Amino acid sequence: MRMKYDCVIIGGGPAGLSAALVLGRARKKVAVIDEGKPRNRVTGEMHGFLTRDPIAPSEFRRIAREQILAYPTVSFVADTAVSIAGTDGDFRITTAGGESYRSRKLLFAAGMKDLPLTIEGLADVYGKSAFVCPYCDGWEHRDQPLVVISSGADALHMAKLIAGWTNRFTICTNGSGDMTEAHREELSQRGIPVFDAPIRSVDSEGGIVHQVVLTDGTTVPCTGIFFRTTLVPGSDLPRAIGCEIAEAGTVVVDPFGKTNVPGVFSAGDAATRMHQAIAAASLGSMAAAAINGELSEEAWSHFTQAPH
Ligand SMILES: Cc1cc2nc3c(=O)[nH]c(=O)nc-3n(C[C@H](O)[C@H](O)[C@H](O)COP(=O)(O)OP(=O)(O)OC[C@H]3O[C@@H](n4cnc5c(N)ncnc54)[C@H](O)[C@@H]3O)c2cc1C
């Protein structure tokens with residue numbers, strides 16, 4: 001068993017890295033355990049992060065690590081956390097590599113992950129010309145012919161958003177029966193085509209989609225797709241140790257990332273439905289301040305000033 005850390009952070013994406021920076025600057029002993037499978041690894045460019053617009057996700061993490069390593073109490077571990085025992089003040093984290101870490105506090109910054117895509121050809125374009133978030137990738141597709149794969153109230157919500165980037169888009173419901181007459185009427189009044197047949201395939205070349213083919217033979221030419229993936233928690237460990245989990249799969253936290261389990265915090269995609277890197281980094285920073293606050297309170301009882 002190694003030394004006891006002040007905080008073990010599980011996950012080294014924007015949330016975990018931001019927390020590590022704050023805690024490192026606060027002179028806390030921190031281990032960031034990261035298996036290196038961030039959700040945005042499918043994409044070549046990350047957008048909308050102030051001063052880093054655009055940047056490759058891998059380069060973002062490289063710069064972050066380089067800057068964090070200026071603080072000598074932070075270390076990085078390339079491994080997967082697989083089990084957790086103990087309570088506030090003395091957690092034990094075991095990894096797939098067979099290592100064990102002791103820590104006073106725990107921060108889950110394990111993100112969310114996508115379930116495998118079921119539409120043929122969609123995985124070939126995911127992160128290259130098919131995206132999940134118009135704030136992240138809408139600008140790059142402005143004024144282009146797009147397909148939005150969505151249905152029901154979400155299709156309407158997506159239509160209102162996407163309309164800010166292009167007035168040449170089509171809704172494909174992929175065989176979902178969720179569209180009401182009211183939804184159809186609202187879209188039709190604005191000239192937005194809606195196709196209901198299931199999608200047979202997404203045809204592309206070099207990752208760039210050129211058409212969506214439906215099972216009834218309809219082809220919808222386009223240069224980009226926006227769609228929803230099915231998300232699950234990046235790690236099941238929060239649930240396993242008793243953290244309350246919301247319906248969306250996110251860890252329930254207070255505004256500073258504190259969970260219902262004493263000493264356990266969560267930040268980033270794992271704890272919010274606002275999936276953007278800068279939001280994740282911000283939540284990581286806030287959780288780190290809360291963690292440092294608890295550690296400072298606990299250290300205060302045995303703090304003595306050095307003689308002047
Ligand atoms: C295709 C795509 C494009 C995107 N584009 C943008 C964009 O342009 N701009 C933007 O702001 N946002 C974008 N996002 C969203 C952005 O990627 C996320 O909001 C952000 O990465 C969340 O950061 P995070 O630190 O919470 O999680 P992540 O970045 O997902 O990092 C979580 C880390 O935890 C690790 N992990 C999980 N479980 C364990 C475990 N048990 N042990 C060890 N490690 C573990 C994972 O492997 C991963 O490395 C995009 C997302 C996708 C899917």
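## Ala-20 and the overall fold

Ala-20 is found in helix α1, where helices (H or I, at least four residues) and strands (E, at least two) are DSSP runs numbered from the N terminus. At 0% relative accessibility, Ala-20 counts as buried; buried means under 20% relative accessible area, exposed over 50%, and partly exposed in between (1.4 Å probe, protein chains only). The C-alpha atoms of Ala-20 and Val-264 are separated by 15 Å, with the two residues 244 apart along the chain.

This is a predicted model, in which local features need pLDDT of at least 70 and side-chain atom pairs count only at pLDDT 80 or more, while totals for chains, interfaces and linings use all residues. Residues are numbered from 1 along each chain as its sequence is written, and side-chain values use heavy atoms, with hydrogens and water left out. The secondary structure of the protein comes to eight helices and 17 strands, and the C-alpha trace spans about 80 × 35 × 35 Å along its principal axes. Of the 308 residues in the protein, 46% are buried.

## Annotated domain

An unreviewed UniProt entry lists residues 5-282 as "domain: FAD/NAD(P)-binding"; UniProt positions are given in the numbering used here, feature names are shortened, and annotations may be inferred rather than shown by experiment.

## Ligand shell

The ligand is surrounded by 35 residues, the closest being Asp-34, Lys-37, His-47, Asp-269 and Ala-277; a residue is near a molecule if one of its heavy atoms lies within 4 Å of it. The shell residues divide into 14 nonpolar, 14 polar and seven charged. In this division Ala, Val, Leu, Ile, Met, Phe, Trp, Tyr, Cys and Pro count as nonpolar, Asp, Glu, Lys and Arg as charged, and the others, Gly among them, as polar. At least three shell residues come from each of domain 1 (4-114 + 230-300) and domain 2 (122-227), with bounds from an automatic or database domain assignment.

A nitrogen atom of the ligand is 2.7 Å from a polar backbone atom of His-47. Ligand oxygen atoms lie 3.2 Å from a polar backbone atom of Gln-276 and 2.8 Å from a backbone N or O atom of Ala-277. The protein covers 98% of the 1,000 Å² of accessible area that the ligand has on its own, as given by the Shrake-Rupley method with a 1.4 Å probe. Elements that give two or more residues to the shell are α1 (14-25), β2 (30-34), α4 (134-137) and α8 (277-300).

## The loop between β2 and α2

His-47 is found in the loop between β2 and α2 (57-68) and counts as buried because its relative accessibility is 12%. A polar atom of the His-47 side chain lies 2.8 Å from the backbone oxygen of Cys-136. The side chain of His-47 also makes a polar contact (N or O atoms within 3.5 Å) with the side chain of Glu-140, at 3.4 Å; within protein, one atom must be able to donate a hydrogen and the other to accept it, and residues adjacent in sequence count only if both atoms are side-chain atoms.

Gly-48, in the loop between β2 and α2, counts as partly exposed at 47% relative accessibility. Pro-54 also lies in that loop, and the peptide bond from Asp-53 to Pro-54 is cis, with omega near 0°.
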